[in-house]
Structures are given as C-alpha cells and as structure tokens.
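Hi there,

Here is the structure I promised to pass on to you.

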Amino acid sequence: MKKRVVAYKKLPPALLARLAEQFEVIGFDGVNDTNRAAFAEAVAGAHGLIGSSVRIDATLLDPARELELISTISVGYDTFDVDYLTRRGILLANTPDVLTETTADTLFALILATARRVVELAEFVKAGHWQRSIGPAHFGVDVHHKTLGLIGLGRIGQAVARRANLGFGMNVVYYSRHAVPEAEAAYGARRVGLNELYASADFVCVVLPLTAETDKLIDADAFARMRPETIFINGSRGPIVDEAALIQALKSGAIHGAGLDVFEREPLPADSPLLQLPNVVALPHIGSATHETRFAMAEMAVDNLIAGLNGQRPRAVVNPSSRPFATLGEAS
C-alpha cells in the first residue's frame with residue numbers, strides 16, 4: 001500500500017505527478033473555512049505533508065499517528081511548533097538556499113525604491129502631475145557609498161551585503177550572535193552592537209527569522225536610536241517589528257522612510273496607516289515571488305518529501321534530532 005501524502009498548496013503538475021508515482025496524494029489548493037474539516041481528516045491518515053502558509057499545530061497533528069515528515073515550501077518555519085514535531089519524531093524539512101538570491105533582489109529593490117521614491121514619483125507621473133522640471137521637493141537620497149546596517153547575516157543577509165558593497169560601494173555593518181568572517185573578508189562587513197548599528201546606518205535592514213527572541217525586537221526604543229536620515233527595510237517577518245512604533249517613527253520624522261515586504265497582519269488591511277504615508281513602499285510579501293524561484297522551492301520540497309518518506313535524509317532538515325539520521329542515507 002502506498003503511503004499517503006497531503007499537499008495543502010497547489011503544486012506544479014510535473015511535481016504533483018512525481019509525488020503521485022510513489023504516493024497516494026490528496027491535494028488542497030490552500031486551506032480555508034470551507035475545506036478545513038476535510039483537510040484535518042486527510043491529515044489524520046497521512047504519512048507526509050507538503051505546503052506552506054498554513055499554521056500546523058498539535059490539535060491538527062495529534063490524530064496523525066502515522067505522520068513521518070512535513071515538507072514546507074518555505075525557508076521560514078514559524079507556522080510550526082518545532083519542539084512538538086521533534087518530540088513526536090516528525091521531520092520538518094524546508095527550502096533554504098534556492099530563494100536566497102531572489103529575496104536579496106527584493107530587499108535591494110526596496111532599498112532603491114524607498115531611497116529614490118520610485119513608487120511615489122511613478123504615480124506622480126501617471127497622475128499627470130509632471131508639468132515642469134522637478135525640484136528639491138521631489139528629490140530622493142543616494143544609495144551608493146552609504147552605510148547599510150544588516151540585523152542578521154545569514155544566507156540572505158550576506159547576499160544583500162554582497163550587492164551593497166560590491167555593487168554600490170556601500171559600507172556594511174551587521175549585528176549577529178556570531179561573527180561571519182567570510183562576509184567580513186569579502187565585503188568589508190563590520191560586526192557591531194545594535195545601538196551602534198542604529199546610530200551609524202543610513203539603511204537598517206532586518207534579515208532575521210521570527211522567534212521568541214526576535215518578536216518585536218525593533219520597537220519604539222530602536223526607532224528612537226535611529227537617525228532622521230535612516231531608511232528602514234523589512235523583508236523577513238512582520239512581527240519582528242512593532243508596527244505601531246514604526247508608524248509613529250515615520251509620522252514624526254524620527255526616520256526618513258520604510259520599505260516593507262512583510263507586516264504584522266497579512267494581507268495588510270486597506271485601512272492601515274502605513275498606506276497613507278508617502279514615505280512608505282509596501283509590497284505584498286513578494287520576497288521569493290518569481291516563477292523560477294517558486295518552482296525551485298516547490299521542487300526542493302518535493303525532493304525533501306520523497307527522500308524522507310523513502311528512508312533517506314532530506315536536503316534540508318529543521319529538526320534533525322527528531323530522527324536517527326545514522327540509519328538514513330543521503331537524499332537522492
């Protein structure tokens with residue numbers, strides 16, 4: 001009898017066909033109030049799950065006594081209780097690396113768009129307001145040779161640092177639990193404390209996972225330590241930032257502007273004060289949203305699922321201690 005797999009996100013046909021060759025596949029095009037009960041019933045008999053953007057908790061998984069592996073089509077895993085999964089011996093696989101460069105592109109696009117007021121001035125032209133040569137009221141600020149402060153210097157942070165230093169001649173400072181010697185050597189990155197980063201950076205860019213320690217890390221005190229010239233960029237997770245404090249900092253002029261791809265609540269409500277501020281560039285969480293990268297993420301997630309359910313080690317595992325990998329081979 002084939003193992004059962006529940007796909008809770010629509011997969012490209014070629015990838016779905018690969019799964020169907022080996023497993024009984026039950027598919028859902030997302031999970032909502034209309035199909036939540038059917039989804040829970042399917043999960044109860046599943047050996048593997050694959051998808052993203054759905055909170056997977058103990059209430060859902062307690063009845064799933066055959067569950068071996070969850071393969072999330074994302075690098076982040078804040079929608080899972082990793083400790084619970086580890087206690088149950090359920091592997092959680094994710095998709096790092098394949099989205100690094102695309103997400104770094106998005107973050108640097110936010111830096112440029114916010115500094116040069118790209119969205120605001122494009123709408124100015126579309127509205128027919130460009131009647132004469134522009135003046136200082138429409139000027140932006142330079143990006144090249146400024147200082148970029150990165151809060152977090154993992155894969156994506158290092159990719160942003162490379163663009164900043166090698167492409168735009170920017171000075172790079174970073175805050176991280178651990179030093180990153182390779183980035184220091186390659187991009188001249190300098191490790192500093194948070195207070196020094198806030199005081200010295202022209203652009204403060206958050207590139208952190210959401211954890212209990214990083215929840216609301218960027219609060220009113222953090223914005224007060226930044227400079228009126230600072231542009232704040234967040235493309236990691238919305239709850240890392242106290243959004244009310246950010247709005248106040250933007251309204252008061254405590255910081256110059258913000259480029260945001262993530263928010264405390266998503267989708268961002270239409271009545272959010274952020275949408276009324278001209279010094280904000282807001283995107284609908286598009287960090288990895290290109291055709292090429294999203295396919296690569298789904299493909300890696302499928303590879304992880306197939307490997308794990310066939311007794312091999314997936315390419316990327318969040319909680320390796322949940323299974324005795326000494327008995328597993330390498331992923332195919």
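Let me start with the cavity lining: the residues around the largest cavity divide into five nonpolar, two polar and two charged. Please keep in mind that this is a predicted model. The residues in question are Asn234, Gly238, Val241, Glu243, Leu246, Leu260, Val262, Phe263 and Glu264. The space inside the largest cavity comes to about 50 Å³, and the structure holds one cavity of 30 Å³ or more.

Sorted by class, the lining of the second largest pocket has 12 nonpolar, five polar and two charged residues.

Now to the sheet. Five strands make up an open sheet, with parallel pairing and the order β2-β1-β3-β4-β5. At the edges are β2 (24–27) and β5 (91–93), each of which pairs on one side only. From one strand to the next, the twist averages 15°. Within the sheet, β3 (residues 48–51) and β4 (residues 69–72) are joined in the parallel sense by four bridges. If you want a pair to click on, isoleucine 50 has serine 71 in β4 as its bridge partner.

Which strands does helix α12 lie across? Helix α12 (residues 291–309) lies across β1 (4–7), β3, β4 and β5, and runs at about 170° to β4.

Helix α12 has a helical partner too. The axes of α1 (residues 13–22) and α12 come within 10 Å and cross at roughly 10°. Angles under 35 degrees count as roughly parallel, so α1 and α12 are roughly parallel to each other. On the α1 side, the residues that meet α12 are Leu15, Arg18, Leu19 and Gln22. Their counterparts in α12 are Phe295, Ala298, Glu299, Val302, Asp303, Leu305 and Ile306. By class, this contact of α1 with α12 has seven nonpolar, one polar and three charged residues.

Best wishes

Methods:
Residues numbered from 1 in each chain as written. Predicted model: local features only at pLDDT ≥ 70, side-chain atom pairs only at ≥ 80, totals over all residues. Heavy atoms only, no water. Pairing = 2+ DSSP bridges. Helix = DSSP H or I, 4+ residues; strand = E, 2+ residues; numbered from the N terminus. Axes fitted to C-alpha atoms, helices over the stretch in contact; angles between N-to-C directions. Contact = heavy atoms within 4.5 Å. Nonpolar A, V, L, I, M, F, W, Y, C, P; charged D, E, K, R; others polar. Parallel < 35°, antiparallel > 145°, perpendicular 65-115°, else oblique. 1 Å grid on protein atoms, 1.4 Å probe; cavity = no way out; pocket = protein on both sides within 12 Å on 5 of 7 lines; lining within 4 Å. Points joined across faces, edges and corners; volume = space filled by probe spheres on them.
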